[in-house]
Amino acid sequence: MHTKQNSLSRAVRLALSLGLVSSVTVIHAQDANQDNNKATPPKETKTLQTIEVTGSLIRRVDSETASPIVTLSRETLTNSGNPTLGNVLQALPSFSGYATNPQNNSNGGGVASPTLEGGDGASRLSLRGMGDARTLLLVDGHRMTNPDINMLPANVIERVEVLASGATTAYGSDAIGGVANFILRKDFSGLEVSANGGVSGEGDGQRRGINLTVGSAGDRGNIVGGLDYNKYDPVLATARDFSSYQYYLYASGPSRQGSSQTPQGTVVLPAGSPLLPPYGCGTRNRVIRNSGDGSKLSDYRCYSGGSDAFNYNAYNYIQTAQERTNGFVVGNYKINDALTYYADFFYNHTHSAGQDGPPPTNPGDGWYIPSTNPHNPFGITFCSLICPPGTLPTDPVGSLRLRLTGAGTRLHTFDTTNIQLITGLRGTFGSSSWTWDLGINYGHSTRDQKDYHEVNIAGFQAAINAGGNPFAQETLPISVTDNPEYHKTNTTKEVSFNVSGDLFQMPAGAVQLSAGALYRKQEMDYQVTSDAVLDLSTFTCGILAEGCGSPGHGTISAKELYGEVLIPLLADAPFAKSLNVNIGVRMSDYDISSTSTNKKIAVEWKPIEDLLVRGTVSQVFRVPNPDELYDGPTATNPTVTDPCLNQSASYLAAHSALCQYVPVNWQPSGYGQITGLYEGGAVAGLKLHPEHGKSFDLGFVYSPSWAEGLSGTLDFWHITLNDLLTPLAAQTVLDNCASNNSSSYCGLIYRYSSGVEPGSIYYISTSEINLGNLSTSGVDLNVAYVLPEFFVPGRFRVAFNSTYTGTYKVNIPGGTSADYAGSYTQQYGNLNRLRASVTLNWKFDNWSAQWQTRYIDHFSVLNAYVDPVNLPAGVSSSLPRPSITYNSAKLGYAIPAWHTSLDVGVDNLTNRKPSSIYQNGANYNVDTATYDTLGRYFWGRVTVKF
């Protein structure tokens, strides 16, 4: 690269090393150079020259791209003490919205959806609140087949580059919210062993881990390999007071609730039944067994939801059980001066488990009790869609809601195995500046889910028919259970060829070009055992309806051509120390959609020595993935607040489509958790369109020469997206129908027209669809300073990082239009307006320390109340929730004579508890995608290097 571009290179590199730091700390490798007032060592310079910067195809030896990149060095990653990467990256201010992590236990009792991951121990990323499907994860610039960052062995990572900006022209589909690129270690020599452990302040949630890394380097190449093992113990929800019970929010305040499917048996009698008056239950038609074996009417009393409801939270985990084994080999070999072979291989096996209470069941699962059953004292049939032969539609029917404690606790285990191989050849064209790279990326991921102690419906019916007493379920044989299995496979095969080099010289430098082509095929296969295949005519299968699923299979393939050119327009000119323009284009031809061409233009302008102005406008694009297209029908169990609860006649008349069959002042026996029907768009008969949009970024990097070590960045960003691809949330369907009685979303709600409780939701269709349009914008502000040495020995570094989300507007045609910034919804998750962190680092001789404060802004839970009709006039149905600040500390000491370093730390030092959002969250009253559930956590680590 010509000297005229070096000043821009130094400015941007300094800005990225000081201003665009991670939320944990600044980049230690670069800060160390500044601390010692030394030039960059030749080895580090060589590393920078050989690695492409995330978001650009240009190999810019001494320069950086115009896009804002947050770089997390290896030391930054290890400062957290966490043996997996999920918690570290999810804490960055630019990540928000929904993304799973090991705090997510809820799978609806082991729901058979291939996309629900409660209990599988995965951690995914959601940049700008756009969702994990719009955050592309890369390994050395190549796509990960399974975007679970916890599966990456921590000791294989050299650094992580996070680009919170659209990058379609560089990487194709999915890079809408941004990119996280995991760069693997390639220059390690020697042997390193590290062991770690931790425990919460409550004495639970223990974790332990050990890893081994070995490497060797020579004139012709290098190789690095390693092993990694870590294990986390589960923690029950009852171990913390905020999650001990399920709470529902009423206008009168929070109320302890649970499931009406109880071990004693909850009987729901037909409204107006002559059997009800003796119990004195008023308008409620529910009774519960109080004594005896349930075969006499006197064995029952009125059901009280607050005290009789079954506490299923007592069985849920706030940290799922996890055990991981990882291995990796990374290397390259110079065949000759013009040809090099390279290969990155890593392997992961994760065993994890989520847990739920004993199986709940009712006649909706496909069993029935005739009125003639000798144990039935009510003289009516208990059935749903499947009733005894001869039952007439006019016959009174009831429902018996059971919790089969004799069957045992439901456990859903996951065994996930991932392999990824990135290999190829790269070389040069003679003595020219042109280089080429022929690469192969192969990834294979399998997930085996097994659900234990699910009820076998045929066996349960046979036990009833053989004389068993379903009204005293503890007398039934517990052998009527199944352990269904669900097997999912994802495979990625990709081959690419790239060339790059100088086209010609201009006065300001060389015009550079990078271009290439690739072919990629992605395949998904999902299989379920025969006892769990869903029958859509009855919403049942051979086991409880919650575990019913469907096979799914599909592939998508892409052919792409892409190119990027860097044009240096000015150098050392008045008001233009440098001015570069970067133009990119990618043409994508997918077999499931028409060809899409997306373009990018970026500008880097340095008007004075200390200031860099950068801007990017790019088109973004995402095709539906195999799951979104081909997942088979699955019965899910979403939690909702039904707008038709406790409503007047006038409201029901004005919302006839929403509240069809619902009686006035309706209070059903069971509400909150309902049945949803999830399926891929193609399976549902929908023509899913790709998402298209634009990403805008305008930024300033200021590195004043008058204050050495000080740097700041300010970036304005805006993303628009059309034809938003997403699975509908059941609450979104209800809310859109409530806002517009003529909305097409009303047709997705199916209620019972008759039976034991007319008006109750039979199911809501929540398939994958193109929902509408999304527009979000905000500001990133980062400031960092390497302080001069003062009276206190050592060198201090301080960093402030923040993301402010100004707007998050969603327009749903035929439905609602709203700005969700600063709020929580089940569809989009938690979109706090401001997330920020301040990190202070200190080093002196063999000592090191870190203090970090992380701030998460207040937010409002939309439509938070079960009974909003009872709120006082003028009071909002949204629930404001306070901001939360987390503090953590770390202390380290090195013993050079022993080649050993010791680190200890405390996370969530002040033991802050998450804010309650009650029934609006899928996991025990809180938002597990945003907040910590374990509380204060102590950890330690010892590392030995040879």
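Predicted model: local features only at pLDDT ≥ 70, side-chain atom pairs only at ≥ 80, totals over all residues.

Q: OK, where does serine 399 sit?
A: Serine 399 is part of strand 20, which covers residues 397–403.

Q: And is serine 399 buried or exposed?
A: Buried, because its relative accessible area is 8% and the cut-off for buried is under 20%.

Q: What is serine 399 in contact with, leaving aside its neighbours within four places in sequence?
A: With those neighbours left out, serine 399 has contacts with Thr266, Val267, Val268, Asn362, Pro363, Phe382 and Val756.

Q: Switching to the surface: which residues make the nonpolar patch?
A: Among them are Ile223, Phe345, Tyr347, Leu438, Ile440, Tyr442 and Phe497, and the patch is about 970 Å². Strand 17 (339–356), strand 22 (435–452) and strand 25 (485–506) are the elements that each give two or more residues to the patch.

Q: Which strand gives the most to the patch?
A: Strand 22, with three residues.

Q: New topic: what's the strand order in the open sheet of five strands?
A: The order is 1-4-5-2-3, and the pairing is mixed. Strand 1 (69–73) and strand 3 (142–143) are the edge strands, each pairing on one side only.

Q: How do strand 4 and strand 5 pair?
A: Strand 4 (residues 157–163) and strand 5 (residues 178–184) are antiparallel, with six bridges. As an example, glutamate 161 has asparagine 181 in strand 5 as its bridge partner.

Q: Now the inside. Which residues touch the most other members of the largest nonpolar core?
A: Ile764, Leu771, Tyr808 and Tyr828, in a core of 38 residues. Elements giving two or more residues to this core include strand 10 (246–250), strand 34 (710–722) and strand 37 (761–765). Helix 11 has the largest share, four residues.

Q: What does isoleucine 764 touch, not counting residues up to four places away in sequence?
A: The list for isoleucine 764 includes Ile674, Leu677, Ala730, Val733, Leu734, Leu748 and Ile749. Apart from that core lies another one of 32 residues, with Leu77, Met151, Ala180 and Phe346 among them.

Notes:
Residues numbered from 1 in each chain as written. Heavy atoms only, no water. Buried < 20%, exposed > 50% of the residue type's maximum accessible area, 1.4 Å probe, protein only. Contact = heavy atoms within 4.5 Å. Patch = residues over 30% accessible without salt bridge, like charges linked within 9 Å, V, L, I, M, F, W, Y side chains within 5 Å. Areas by Shrake-Rupley, 256 points an atom, 1.4 Å probe, with all protein chains shown as cover. Salt bridge = Lys/Arg side-chain N within 4 Å of Asp/Glu carboxyl O. Pairing = 2+ DSSP bridges. Core = buried A, V, L, I, M, F, W, Y, C linked by side-chain atoms within 4.5 Å.
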